[in-house]
Amino acid sequence: MVQNVVIIGAGPAGLLLAHYLLRRDNYHIDIYERRPDLRLTDVSVNRTFPLSLQERGRKAIRAIVGLEEAIAAQSVFCQGTIIYQKKGKARRVPRQTPILTIDRNRLVTILLKQLTETSSPNQVKVHFNSECTAVDGTAKTVTLKPLEGDSFTVHYDLLVGADGARSQIREYLVENAGLPCSQNYVLDAYKSVFLSRLNPNAGVELDPNKIHAWNLNNKTRMVMVPQPENQLNGVIIFDPQTNPLEGLSTKEEVKAFFLENFPLFGQLMSLEEAEALLKRPVARLLTVRCDRFHEGDSVLLIGDSAHAVSPAVGQGCNSSLEDVLILGQLLEQYGDDWRKVLPQFSEQRVPDAHALQELSDYSFPRTKLLVVEFFLRLTLGRLFHRWFPGLVQPFVFDLLLDTDLPYSQVLSLNQGWIHKVKRSIVENF
């Protein structure tokens, strides 16, 4: 019997789940997204923020024929990070396994394109400009409000909340099904920054296959990630209580600030980008921690709806895509019996999601002394792992980025380091 699946949210996790379900031939899928269709706008205008896809995320994507290749064709493979400072030489941190970097909107566009080209409207429909406003778990209906026209109601056999950290589906479960859940803002605030990698007039050309980072101090830093066509997408990150851009009122002042504090990046910033940066709002990210990811046999949370984390170690999208991989394995194991699949999904993923929150918050240090220790541990971990692969595990970052070891195991192997970083943050911030 064909089951009606309603997915709220057409982000990477929701779209990849549709790809997975279509392989099973017994689902009709409707996806509802409150934003407009990205395919109808210029990708260069619709830039958002860069994502890094490592083994976890790429393994999930790899299960769909041709999808990884399509994404790789519009991505940049980064082979390490360069960390700059105003005085002294830049620090280079190489990677043996390249990281695939891509703008989030570009990734969504590829997933959408592949989905619509490999399925018929009888199998899956994507509805844009449709916001979820209510859920009735007893009647198994969802109410949606389109951008134009009256609200309407649809029936589901399975409802999937893939609608991000401010999920309407999760809020329904919190208010009506007793879902234990907590939300907190990430310590930092940020503004997006878009630069060219090249400025021939100033003689500046940054490496095309490296992530570029600059730590101004304990509370202000920049991370810029290569994109196709010689672009760098990234962020300036700062303490929301001490916004270094506050008080700047002209594009010339913004440009001067970056030339003074991030000289290389300042030479790559156009006055047009400086003016646009003035107008961009300061953003804060929410973390989400839930004690289960399902309700009964008919409601499921995946991705940021279930476990949004700090972007510090680049695992938000990877863990969301891995959710879909795990769910696909459980569907195969239990023959699409959602009464068994959903509880098993919560049992398997909740411990890893909680571990990932710890790893995201406390893997990378803020104090200078611990930063030195971090790179020493990273270098020695790589060296000893190469000499004694059966005895020595890589350090926490390499385990996160280069393997698909469960997050709970990564945390267990690095618990001492995580406690040390957590203690330093509590004492200094």
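Helices are DSSP runs of H or I of at least four residues, numbered from the N terminus. The model described here is predicted.

Helix H5 spans residues 168-176. Glycine 178 follows H5 and has a positive phi, near 65 degrees. At the N-terminal end, serine 167 caps the helix. A side-chain oxygen of serine 167 lies 3.2 Å from the backbone nitrogen of isoleucine 169. Within H5, Ile169, Arg170, Tyr172 and Leu173 are buried. Viewed down the axis of H5, these buried residues fall within an arc of 155 degrees, so they line one face of the helix.

The structure holds 19 aromatic pairs. Phenylalanine 258 and phenylalanine 262 form one of them, with a tilted geometry. A second tilted pair joins phenylalanine 364 and phenylalanine 397, at 6.0 Å centre to centre and 35 degrees between the planes. Phenylalanine 364 lies in the loop between helix H11 (338-362) and helix H12 (368-387), and phenylalanine 397 lies in helix H13 (residues 396-402), so the pair ties together parts that are 33 residues apart in sequence. Phenylalanine 364 is partly exposed, with a relative accessible area of 27%. Phenylalanine 397 counts as buried, at 16% relative accessibility.

Phe258 and Phe262 also belong to one aromatic cluster, together with Tyr84, Trp214, Phe257 and Phe265.

Two arginines sit over aromatic rings. Arginine 56 lies over the face of tyrosine 407, at 4.1 Å from the ring centre. For arginine 91, the charged end sits over the ring of phenylalanine 375, 4.3 Å from its centre.

Cysteines were then considered. A disulfide is a covalent bond between the sulfur atoms of two cysteines. The structure holds zero disulfides. For cysteine 290, the closest cysteine sulfur is that of cysteine 181, at 3.3 Å. This separation is too far for a bond, because a disulfide requires the two sulfur atoms to be within 2.5 Å. Cysteine 290 is buried, with a relative accessible area of 1%. Cysteine 317 is likewise in no disulfide. The nearest cysteine sulfur to that of cysteine 317 belongs to cysteine 78, 15 Å away. Cysteine 317 also counts as buried, at 12% relative accessibility.

Note on methods. Residues are numbered from 1 along each chain as its sequence is written. This is a predicted model: local features need pLDDT of at least 70, side-chain atom pairs count only at pLDDT 80 or more; totals for chains, interfaces and linings use all residues. Side-chain values use heavy atoms; hydrogens and water are left out. Buried means under 20% relative accessible area, exposed over 50%, partly exposed in between (1.4 Å probe, protein chains only). Helices (H or I, at least four residues) and strands (E, at least two) are DSSP runs, numbered from the N terminus. The arc is that of the directions from the helix axis to the C-beta atoms. A polar contact is a pair of N or O atoms within 3.5 Å; within protein, one must be able to donate a hydrogen and the other to accept it, and residues adjacent in sequence count only if both atoms are side-chain atoms. Rings of Phe, Tyr and Trp (its six-membered ring) pair if their centres lie within 6.5 Å; planes under 30 degrees apart count as stacked, over 60 as edge-to-face and the rest as tilted. A charge sits over a ring if NZ of Lys or CZ of Arg is within 6 Å of the ring centre and within 35 degrees of the ring normal.
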